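Please look at the sequence and the model before reading the points below.

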Amino acid sequence: MLTLLSLFTEFFKIGIFGFGGGYPMLSLMKHAAAEHHWLTMEQYSTIIAITSSAPGPIAMNTALFIGYRAAGVPGAVVAVGSTTLPSILMVFTFIKLMASHKYRNIVHHTLTGIYPVITALIFYTGIRLGMDIHLFSFKNSFQLGIMVLSFVLLWKKHSPFFVILLAAGAGVMYHCL
């Protein structure tokens, strides 16, 4: 029961402070998973690889995995529900505030301050994940090459689905040939 309460508290906080969607939330989830010993960092990196290529929102998929690992099916339900609840409450609040001309500028100015933090969180999460899987070491030039090629393909507006399939195929060929 204490684990479920901890999951609810941590993932509710993540839901509150995880502005910018799933990727900024990942660094908060990583911190919570490490602090409560729900996952090792190797397990976390594996989960991120899986949830990044699985359909659906990455934050919800990651919360599901962490919650399940910590407390089974009830833990998965609590983690996903408590991550989602703040968003639902905030969206309803913002809808009411945006409908009022009196608060429209305040909401806009608040978001103007939050956007750079969102960008920093996404960048930080990418760098930390790369460091956790030793992506930036010279011993891992294959994965570093895949990352650079993927960035170029995504920058040139190729489908993320296509890039993921291409990288998965390259990984299989690299290890099987």
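The model is predicted. The largest pocket has a volume of about 1600 Å³, and the largest cavity one of about 80 Å³.

**Nonpolar surface patch**

- Helices α5 (101-132) and α6 (141-155) each supply at least two of the patch residues.
- Helix α6 gives the largest share of the patch, with five residues.

- F123 counts as exposed because its relative accessibility is 59%, and the cut-off for exposed is over 50%.
- G113 also has its place in helix α5.
- G113 has 47% relative accessibility and therefore counts as partly exposed, a class that lies between under 20% (buried) and over 50% (exposed).
- G113 and F136 are 23 residues apart along the chain, and their C-alpha atoms are separated by 31 Å.

**Largest pocket**

- The pocket, with a volume of about 1600 Å³, is lined by 35 residues, of which S52, L129, L135, M147 and S150 are the closest to its centre.
- Five helices each supply at least two residues of the pocket lining: α2 (22-35), α3 (41-53), α5, α6 and α7 (160-176).
- By class, the pocket lining divides into 22 nonpolar, eleven polar and two charged residues.

**Cavity**

- How many cavities of 30 Å³ or more does a search of the whole structure find? The search finds one.
- The largest cavity has a volume of about 80 Å³.
- Its lining consists of L26, S27, K30, Y44, I48, Y124, T125, R128, L129 and D132.
- L129, listed in this cavity lining, is also among the residues closest to the centre of the largest pocket.
- Helices α2, α3 and α5 each supply at least two residues of the cavity lining.
- The largest share of the cavity lining, five residues, comes from α5.
- The cavity lining has five nonpolar, two polar and three charged residues.

Note on methods: Residues numbered from 1 in each chain as written. Predicted model: local features only at pLDDT ≥ 70, side-chain atom pairs only at ≥ 80, totals over all residues. Heavy atoms only, no water. Helix = DSSP H or I, 4+ residues; strand = E, 2+ residues; numbered from the N terminus. Buried < 20%, exposed > 50% of the residue type's maximum accessible area, 1.4 Å probe, protein only. 1 Å grid on protein atoms, 1.4 Å probe; cavity = no way out; pocket = protein on both sides within 12 Å on 5 of 7 lines; lining within 4 Å. Points joined across faces, edges and corners; volume = space filled by probe spheres on them. Nonpolar A, V, L, I, M, F, W, Y, C, P; charged D, E, K, R; others polar.
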